[in-house]
Amino acid sequence: FGPVRDGDVVPRAPLEAVRAGEAADVPVLIGTNRDEVKLFVAVPNRPPIEDAALPGMVARALGPGGEGRAPAVIAAFRHSREALGLPTSNGDLFDAIASELRFRSPAMRFALAQRAHQPRTYQYLFTWESPARRGAFGACHALEMPFVFGTLDAPTQDRFAGTGPQAERLAAHMMDAWLAFARTGDPAHPGIGAWPAYDGASRPTMVFSGESGLAHDPLAEERLAVGDAGD
């Protein structure tokens, strides 16, 4: 599901076009959720991933040369997640690797490509966790939507997005950031503080969660392990 390069309407791959400066006049606010793929795999009674199966699954996700890289990638993600106090079952590790490969690394590549031409390019990471299914979704795909659009009170959103003062504060921070960006091209506001433009050196990233704030190169160990974000 994505743009199709047909040589006419879409003459080149979108990332190639951005790297060439064809969107140079467009400010960009881009980011991902920490556990993107969990929305698609957090099914009831999900079977565990056996130790013997995990390296092969990771190798296939990494693509060519993945077999030799898989053990180091798994070890890096396990170390990163343990340091953050996040779950490290084989399923959780594979979900984290898949989220990095399919969502976060592509978003960072896009941001760096755009930043070369457009100084108003900003990156975020959303880490608020859903309470649904006893936390199985984590910070999954689409979880940021009710916070960005202020729809926490919509039917069933309490079960998916959560409730309470922290959730309300997070929604206010995100709505104000998106509104500020739409108005001025800069998403910073007093509630979250300064938000520098993204760059490949310090990789400033606004982390949206119960306590939102700026971080430099969050999840760096995972980014470097897959080596797929403009390095």
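Which residues do ring pairs link into a cluster? Ring pairs join Tyr-122, Tyr-124, Trp-178, Phe-181, Trp-195 and Phe-208. The model is predicted, so local features need pLDDT of at least 70 and side-chain atom pairs count only at pLDDT 80 or more, while totals for chains, interfaces and linings use all residues. Residues are numbered from 1 along each chain as its sequence is written, and side-chain values use heavy atoms, with hydrogens and water left out.

**View A. Aromatic pairs around Trp-195.** The structure holds nine aromatic pairs. Rings of Phe, Tyr and Trp (its six-membered ring) pair if their centres lie within 6.5 Å; planes under 30 degrees apart count as stacked, over 60 as edge-to-face and the rest as tilted. Tyr-122 and Trp-195 form an edge-to-face pair, with ring centres 6.1 Å apart and planes at 75°. Tyr-122 belongs to strand 2 and Trp-195 to the loop between helix 8 (165-184) and strand 3 (204-208), so this pair ties together parts that are 73 residues apart in sequence. Helices (H or I, at least four residues) and strands (E, at least two) are DSSP runs, numbered from the N terminus. Trp-195 and Phe-208 are also edge-to-face, their centres 5.8 Å apart and their planes at 65°. This second pair links Trp-195 in the loop between helix 8 and strand 3 to Phe-208 in strand 3, 13 residues apart. Tyr-122 is buried at 6% relative accessibility, Trp-195 is buried at 4% and Phe-208 is buried at 0%. Buried means under 20% relative accessible area, exposed over 50% and partly exposed in between (1.4 Å probe, protein chains only).

**View B. Salt bridges.** The whole structure has 12 salt bridges, each a side-chain nitrogen of Lys or Arg within 4 Å of a carboxyl oxygen of Asp or Glu. Arg-12 and Glu-22 meet at 2.9 Å, N to O. Arg-12 lies in the segment before helix 1 (14-19) and Glu-22 in the loop between helix 1 and strand 1 (28-33), so the pair ties together parts 10 residues apart in sequence. Arg-12 is partly exposed, at 32% relative accessibility. Asp-92 and Lys-38 form a salt bridge with their closest N and O atoms 2.8 Å apart. Asp-92 lies in helix 5 and Lys-38 in helix 2 (residues 38-41), 54 residues apart, and both are buried. In the salt bridge of Asp-217 and Arg-223, the N to O distance is 2.6 Å. Asp-217 is buried at 16% relative accessibility, and Arg-223 is buried at 5%. Salt bridges with shared partners join Arg-34, Asp-35, Arg-81, Glu-129 and Glu-222 into one network.

**View C. The largest cavity.** On a 1 Å grid over the protein atoms alone, a cavity is a set of points where a 1.4 Å probe fits but cannot get out, and lining residues have an atom within 4 Å of a point. Grid points are joined across faces, edges and corners, and a volume is the space filled by probe spheres set on the points. The count is two cavities of 30 Å³ or more. The largest holds about 50 Å³, and its lining includes Arg-34, Arg-81 and Glu-222. Helix 5 (residues 90-115) gives the most to this lining, with four residues.

**View D. The second largest cavity.** This cavity holds about 40 Å³. Among its lining residues are Arg-104, Tyr-124 and Pro-218. Strand 2 gives the largest share of the lining, three residues.

Note on methods:
On a 1 Å grid over the protein atoms alone, a cavity is a set of points where a 1.4 Å probe fits but cannot get out, and a pocket is an open set with protein on both sides within 12 Å along at least five of seven lines; lining residues have an atom within 4 Å of a point.
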